[in-house]
Amino acid sequence: MSKPVLLTMSGSLRKGSYNRMLIAEAVRAFGEAEVIEGDLNLPLYDGDVEDKGTPPAVQTLIDQVIRADALIIGAPEYNKGISGVLKNAIDWLSRVKPPALKDKVAVIMSAAGGRSGGETGHFMTHSILTQLQVNVVHGPLILVAAAQKEFGEDGALNNDFLKGQVADRMARLRDMIA
């Protein structure tokens, strides 16, 4: 296989978000790959808008998903649920014919400032993706609790246990797409 194509998708739009930092850690652990950052700053899904044609930003994301060998998703938890940004992107992606997400391979990870590490947002994201027939790479959940303490000034994880979890998941991802 030539260099694999990874599409990263952060459910947080904030440039300095912990989920973006976690995704960056995963990309480093994965190794050599072409990495595309999906822009989830999309218009809200609206069937009336869809009837007039797919918005350009949405079409770009659809094309990126189709091109990608795997997805790395940072799934933050907002108010004990999936972020609106991530849910909206998945809603748009679910409307494509043929389905863009079907049979894609994905890793889900979550980082949050609280003590659960974004567990509920993670579970909700997993549930939605499995309904859309995405092959989620299984293993112990990668949840970074109290994320403000787990990342260094350089944005890298400073927790060896969590780094090991991410590295193990990326090894499984490499094996699945090889």
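**Close-up views of aromatic rings**

**View A. The charged end of Arg174 sits over the ring of Phe30, 5.5 Å from its centre.** A charge sits over a ring if NZ of Lys or CZ of Arg is within 6 Å of the ring centre and within 35 degrees of the ring normal. This is a predicted model, in which local features need pLDDT of at least 70, side-chain atom pairs count only at pLDDT 80 or more, and totals for chains, interfaces and linings use all residues. Residues are numbered from 1 along each chain as its sequence is written, and side-chain values use heavy atoms, with hydrogens and water left out.

**View B. Two aromatic pairs are found in a search of the whole structure, and Tyr18 with Phe151 is a stacked one.** Rings of Phe, Tyr and Trp (its six-membered ring) pair if their centres lie within 6.5 Å; planes under 30 degrees apart count as stacked, over 60 as edge-to-face and the rest as tilted. Here the centres are 5.9 Å apart, with 15 degrees between the planes. Tyr18 belongs to helix H1 and Phe151 to the loop between helices H6 and H7, so the pair ties together parts 133 residues apart in sequence. Helices (H or I, at least four residues) and strands (E, at least two) are DSSP runs, numbered from the N terminus. Phe151 is buried at 8% relative accessible area, whereas Tyr18 is partly exposed at 25%. Buried means under 20%, exposed over 50%, partly exposed in between (1.4 Å probe, protein chains only).

**View C. Tyr45 and Trp92 form an edge-to-face pair, 4.9 Å centre to centre with 75 degrees between the planes.** Tyr45 lies in the loop between strand S2 and helix H2, and Trp92 in helix H4.
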